[in-house]
Amino acid sequence: MNFSTLKAAQGDNIRILENSFKKNRLAHAYIFEGEAGTKKFDTALFFAAMILCESDDTKPCGTCKNCRRIFNQRHPNLYTIKPQKQNITKDNIRDLQEEFNKTALEDGAKVYIMEDADTMNPHAANALLKFLEEPHPNIFALLLTTNSSKLLPTIRSRSQKLTFHTIPHHLILSELIESGYEPFLARLASAMHHTVNEAEVFLAQENLYDMIDIVSHLYEALANKESLVLTFDKEIFGVVSNKDDSLMLLDVMIYYQKDLIYGKMKHYKKQIFQEQLATIETILTFKSKAMLLEELEQMLELKNRLNQFVNTRLAFDNLLMFLERRMDSEE
Ligand SMILES: [Zn+2]
């Protein structure tokens, strides 16, 4: 686990946990509340590693045997509960209690992480409440949820709640680049998605790369003043076969179009397709900002219409013809 990424994303929560640990004032149950992708689970592992780390120095060290086993989720004193099918059931809570009663467990604190804690059914919630009420000085509960108001008030009152805010855009971007994605892909995905997971799912779509190719070729052709309708009609409909494809193609196009507008405004750092600056600069010699904005509006309008029933082919042709217009009188 990359601690600096985690601390950049959730520094406030990490500091709260570290300070409580240093002062020996950890709560026995925490609620981590935040949207998917806000690193609640990573923070939970960080917590477990912090209290079980063998280092004499900064905990977690990330390299000792306990840290390694926790980050690989293979430490016997770490237990994770997830909803089976829809719900967390009473059986899940009973399994947890049995696991933690086993004498074979190693010395030291025990931590359980409950993902989607709000999916506990009433029996499970009551069983958990009883478990929380019994004194277990060395057992820590981390209840992860997107909505803590769905938990029993009696569970909430026995827990300390930490709120996990959405990860800033630039951190998603740097994490994607660190994972090895090409910068323009990382910029595109982080512009379109609020979590690293969603961005990675987006980037895993194979036809995305066809769409990016089409859009890049299309703007190159535009720069070369070629006819778009004749060239791209076939290319687009060779790849785009359904509404989702159409929307994806249009989304990529919208971000390229925004790059043109950023180019006009000289906001180069905001551009996603920075590597295609030459094409962008050529187009900017014959398109005014007003034109570019009007074209963007057409794209957004088309996106809107694609969500209804339209003749997709005709709609794209109209857009391509609109893009082919040259310099207007306003500039
Ligand atoms: Zn360690």
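**Figure 1. The two domains of the predicted model.** In this predicted model, 46 Å separate the centres of domain 1 and domain 2, taken over C-alpha atoms. Domain 1 covers residues 3–167 and domain 2 covers residues 205–324 of the protein chain. The radius of gyration of the protein chain is 26 Å, whereas a compact globule of 331 residues would have a value near 20 Å, and the C-alpha trace spans about 80 × 45 × 30 Å along its principal axes. The protein chain holds 15 helices and 5 strands, and buried residues make up 34% of its 331 residues. Of the contacts in the protein chain with a separation of 6 or more, 71% are accounted for by residues 24 or more positions apart.

Figure 2. The 5 strands form an open sheet with parallel pairing, in the order β2-β3-β4-β1-β5. Because β2 (78–81) and β5 (160–164) stand at the edges and each has a single partner strand, one side of each is left without a neighbour in the sheet. From one strand to the next, the twist averages 20°.

**Figure 3. Close-up of β2, β3 and the helix that packs on the sheet.** The parallel pairing of β2 and β3 runs over 4 bridges, and Ile-81 stands opposite Met-114 in β3. Helix α4 packs on the sheet, where it touches β2, β3 and β4 (139–145), and the direction of α4 makes about 175° with that of β2.

Figure 4. Lys-90 lies in helix α4, which comprises residues 90–101. With 17 other C-beta atoms within 10 Å, Lys-90 is partly exposed. When its neighbours within four places in sequence are left aside, Lys-90 is in contact with His-123, Ala-124 and Ala-127.

Figure 5. The peptide bond from Lys-59 to Pro-60 is cis, and its omega is near -5°. Pro-60 is found in the loop that runs between α2 (40–52) and α3 (65–71).

Figure 6. Asn-24, although it is not a glycine, has a positive phi of about 60°, and its place is in the loop between α1 (3–22) and β1 (29–34). Asn-24 counts as exposed because it has 6 C-beta neighbours inside 10 Å, and the limit for an exposed residue is 12 or fewer. Asp-116, a residue other than glycine, has a phi near 50°, which is likewise a positive value, and its place is in the loop between β3 (110–114) and α5 (122–133). With 18 other C-beta atoms within 10 Å, Asp-116 is partly exposed.

**Figure 7. Helix α12 and the helices that cover its buried residues.** Helix α12 (residues 243–264) has 22 residues and reaches 31 Å from its first C-alpha to its last, a span close to the 32 Å expected at 1.5 Å a residue. The buried residues in α12 are Ser-246, Met-248, Leu-249, Leu-250, Val-252, Met-253, Tyr-256, Gln-257, Asp-259, Leu-260 and Gly-263. What covers these buried residues of α12 includes α10 (207–223), α11 (228–239), α13 (277–284), α14 (289–306) and α15 (312–324). Just after α12, Lys-266 takes a positive phi of about 60°.

**Figure 8. Surroundings of Glu-226 between two helices.** Glu-226 is found in the loop between α10 and α11, and with 14 other C-beta atoms within 10 Å this residue is partly exposed. Apart from its neighbours within four places in sequence, Glu-226 is in contact with Ala-221 and Thr-231. Glu-226 and Glu-134 are 92 residues apart in sequence, and from C-alpha to C-alpha they are 75 Å apart in space.

Technical notes. Residues numbered from 1 in each chain as written. Predicted model: local features only at pLDDT ≥ 70, side-chain atom pairs only at ≥ 80, totals over all residues. Rg over C-alpha atoms; globule rule 2.2 N^0.38 Å. Buried ≥ 20, exposed ≤ 12 C-beta atoms within 10 Å, placed from the backbone. Contact = placed C-beta atoms within 7 Å. Domains from an automatic or database assignment. Expected span 1.5 Å × (residues − 1). Pairing = 2+ DSSP bridges. Axes fitted to C-alpha atoms, helices over the stretch in contact; angles between N-to-C directions.
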